[in-house]
Structures are given as structure tokens and as C-alpha cells.
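Here is a quick tour for anyone about to open the model on screen. We'll start with the overall fold and then zoom in on a few spots.

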Amino acid sequence: MKKFGLVLLLIIAFVGGIIGYRHVTSNQGYEATMTNAHNALNKQNWSDAKFYYQEAQKEKKSVEARTALGQLVYAIRADKSANKGDWQDALDWYHTAKVVDGAVDLVNENIDVAVRKVKTSRASSEAKVSSSKAASVASSKAASASIAASQSKAVSEAAASSRKAAELSSSVAASVSRSSAAQSISEAFKSSKAASDSTTDSSVSDSSDTSSSDASSIPASSSSERQMDSADVAAARAELIAKGYNVQDLPASELQAAMNQVIDSHGGMTLEDIAKQHKW
């Protein structure tokens with residue numbers, strides 16, 4: 001009887017030892033799984049954290065694991081939105097995860113870290129967009145300025161061409177005017193010469209009909225008595241100026257004297273010859 005009781009006691013102790021070992025081993029496995037879940041949370045690795053919480057639930061049901069799993073569903077959605085650049089959508093999902101009933105403090109702390117990262121990424125993205133827009137605007141302004149400069153250059157070139165054309169036209173007109181003036185002077189000289197020749201012939205004829213004593217007493221028409229009108233003097237002045245002589249301020253009497261010399265020379269001298277003699 002005593003032996004039977006001893007054997008039974010040993011059996012009970014053995015079974016108890018096995019059960020105790022399993023319990024300790026199970027607790028150790030649960031704790032290790034929960035530690036892995038916490039480490040994943042601290043890295044904001046929501047998928048791994050979800051996996052470890054699910055494993056922990058298989059080993060031992062807990063309120064933390066159940067609540068954390070509910071929060072992680074929303075955190076994973078937020079992370080996917082952030083990866084696509086849907087910043088506001090990501091922030092909304094994180095907010096939903098934080099307000100889950102009985103939210104786990106460790107989960108919320110790491111969600112706050114993730115929210116700061118999302119906001120930083122959004123600010124950086126918006127800054128890049130603004131910078132790109134500013135560069136585009138600057139490029140557009142530069143292009144507009146270049147076009148305006150080209151147009152201004154074209155206008156300046158057109159104006160310069162117009163000025164050159166006007167100067168050429170003025171030069172041609174001046175040449176024509178000088179030619180006309182010279183022609184007028186030549187015609188005037190021809191008329192004056194013809195009149196002089198006619199007067200001379202008449203004087204010679206008259207002198208042949210009178211006595212020699214009468215001829216000596218009547219003086220011939222002298223060049224000093226020949227009068228030129230102002231138009232003739234102006235024409236002569238214009239001709240000499242056109243040929244480069246400095247007669248702008250020359251008295252009209254000197255020009256008239258020069259013109260008389262030309263007439264008296266009967267074609268032997270020109271107005272320019274006289275101007276050269278006087279060094280005008």
C-alpha cells in the first residue's frame with residue numbers, strides 16, 4: 001500500500017513537472033513573440049508587428065494583441081497611401097488608427113512618429129513642386145524676354161534701314177538739286193553771254209558807221225555796269241558750294257564780279273576757274 005502511494009506520488013510529480021515545463025516554455029515563447037511585435041512597432045514596420053501579434057494570440061489571448069491588431073489594419077493602409085504620395089489620405093488613416101477604443105500606447109507613440117515622417121515628406125514634395133513651377137515661370141519669362149529683345153532688335157534694324165533709306169533719298173535729292181542749280185547757272189550764263197555778244201556786235205556795228213573821233217568818245221559797255229539779279233547770284237553761290245568752295249559768306253558783289261569775268265571771257269573761263277584763282 002505504501003509502495004502504491006509512493007508510485008502515485010511520483011507519477012503526479014512527473015506529470016506536474018511536464019505541465020509546468022510546458023507552461024514555462026509557453027510563457028517564454030509568448031514573451032518572445034510580444035517582444036518581436038514591440039520591436040517591429042518601434043521601427044514602424046506595421047506588417048511585421050501584425051504578424052507577431054497574430055502569433056502571440058495563438059499562444060495566449062491578450063487585450064493588447066487584439067487591440068493592436070485593430071490599429072495596425074489602419075496603420076498599414078496609411079503606409080500604402082504614403083508610399084503613393086497620398087499624404088492627406090495617409091494622415092487620415094493614421095488618425096483613425098489612434099482613436100481605436102482602448103488604443104495601445106506603444107502603437108500610438110509610433111503612429112505619431114510615422115505622422116511626422118508623412119508631414120515631412122509632404123512638405124518636401126510640395127517644395128519640389130513649387131520649385132519646379134518657379135523654374136517653369138522663370139524659363140517662360142526668360143523666353144518672353146528673349147522674344148521681346150529679338151523684336152526690339154528687329155525694330156531697331158528696321159528703323160536703321162529706314163534712316164539709311166531716308167539719308168540716301170535726301171542725298172539723291174540734294175544731288176539732283178545741285179545738278180538743277182548748276183544747270184540753271186549754266187543757262188543763265190549762256191543767256192548773259194548771248195546778251196553780251198549781241199551788245200558787243202551792236203557796238204562794233206555802230207562804231208563803223210560813226211567817225212573815229214566819235215567812236216573814241218563813246219565808252220564800251222564795261223563788265224562793272226552789268227547787273228546780275230539775286231537769283232543769278234544765289235545760283236552761282238549754290239554751284240560753288242556744291243563743288244566744295246567756301247563761299248557761304250562771300251559778298252554778293254564778289255560773286256557778281258566773278259560771273260562778269262566768266263561772261264567777259266566769252267567761254268575762256270569758268271566760274272570754278274575764278275574760284276580757284278581767288279582760293280575760295
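## The overall picture

Helices here are DSSP runs of H or I with at least four residues, and strands are runs of E with at least two, both numbered from the N terminus. On that basis, this predicted model has nine helices and zero strands. Walk along the sequence and you get the pattern α-α-α-α-α-α-α-α-α.

How much of the protein is buried? Of its 280 residues, 24% count as buried. As for contacts, take those with a separation of 6 or more: residues 24 or more positions apart account for 59% of them.

## α3 against α4

Helix α3 covers residues 63-83 and helix α4 covers residues 87-98. Their axes come within 8 Å and cross at roughly 170°. An angle over 145 degrees counts as roughly antiparallel, so that is the label for α3 and α4.

Which residues make the contact? From α3 come Gln71, Tyr74, Ala75, Arg77, Ala78, Asp79, Ser81 and Ala82. They meet Trp87, Asp89, Ala90, Trp93, Tyr94, Thr96, Ala97 and Lys98 in α4. Sorted by type, the residues of this contact are nine nonpolar, three polar and four charged.

Helix α5 runs over residues 105-209, and Val118 sits in it. With a relative accessible area of 5%, Val118 is buried. Leaving out residues up to four places away in sequence, Val118 touches Ala82, Trp87, Ala90, Leu91 and Tyr94. Among these, Ala82 belongs to the α3 side of the α3 and α4 contact, while Trp87, Ala90 and Tyr94 belong to the α4 side. Ser81 is 37 residues from Val118 in sequence, and the two are 10.0 Å apart in space, C-alpha to C-alpha.

Is Asn108 buried or exposed? Its relative accessible area is 15%, so Asn108 counts as buried. Setting aside neighbours within four places in sequence, Asn108 is in contact with Gln71, Ala97, Lys98 and Ala103. Gln71 in α3, along with Ala97 and Lys98 in α4, also takes part in the contact of those two helices.

Helix α7 has 13 residues and reaches 18 Å from its first C-alpha to its last, close to the 18 Å expected at 1.5 Å a residue. Its buried residues are Asp232, Val233, Ala235, Ala236, Arg237, Glu239 and Leu240. After α7 comes Gly244, whose phi is positive, near 100°.

The axes of α7 and α8 come within 10 Å and cross at roughly 85°. That makes α7 roughly perpendicular to α8. On the α7 side, the contact uses Asp232, Val233, Ala236, Arg237 and Leu240; the α8 side brings Ala252, Leu255 and Met259. The tally for this contact is six nonpolar, no polar and two charged residues.

## Salt bridges

How many salt bridges does the whole structure hold? A search finds four. One of them pairs the side chains of Glu55 and Lys58, at 3.3 Å from N to O. Both lie in helix α2 (residues 46-59), three residues apart, about one turn of the helix. An α-helix has 3.6 residues a turn, so residues three or four places apart point the same way. Glu55 is partly exposed at 23% relative accessibility, whereas Lys58 is exposed at 64%.

Through shared partners, Glu239, Lys243 and Glu272 join into one network.

How accessible are the members of that network? Glu239 is buried, with a relative accessible area of 11%. Lys243 is partly exposed at 43%, and Glu272 is partly exposed at 25%.

Key
Residues are numbered from 1 along each chain as its sequence is written. This is a predicted model: local features need pLDDT of at least 70, side-chain atom pairs count only at pLDDT 80 or more; totals for chains, interfaces and linings use all residues. Side-chain values use heavy atoms; hydrogens and water are left out. Buried means under 20% relative accessible area, exposed over 50%, partly exposed in between (1.4 Å probe, protein chains only). The expected span of a helix is 1.5 Å times one less than its number of residues. Axes are lines fitted to C-alpha atoms, for helices over the stretch in contact, and angles run from 0 to 180 degrees between N-to-C directions. Angles under 35 degrees count as roughly parallel, over 145 as roughly antiparallel, 65 to 115 as roughly perpendicular and the rest as oblique. Contact means heavy atoms within 4.5 Å. Ala, Val, Leu, Ile, Met, Phe, Trp, Tyr, Cys and Pro count as nonpolar, Asp, Glu, Lys and Arg as charged, and the others, Gly among them, as polar.
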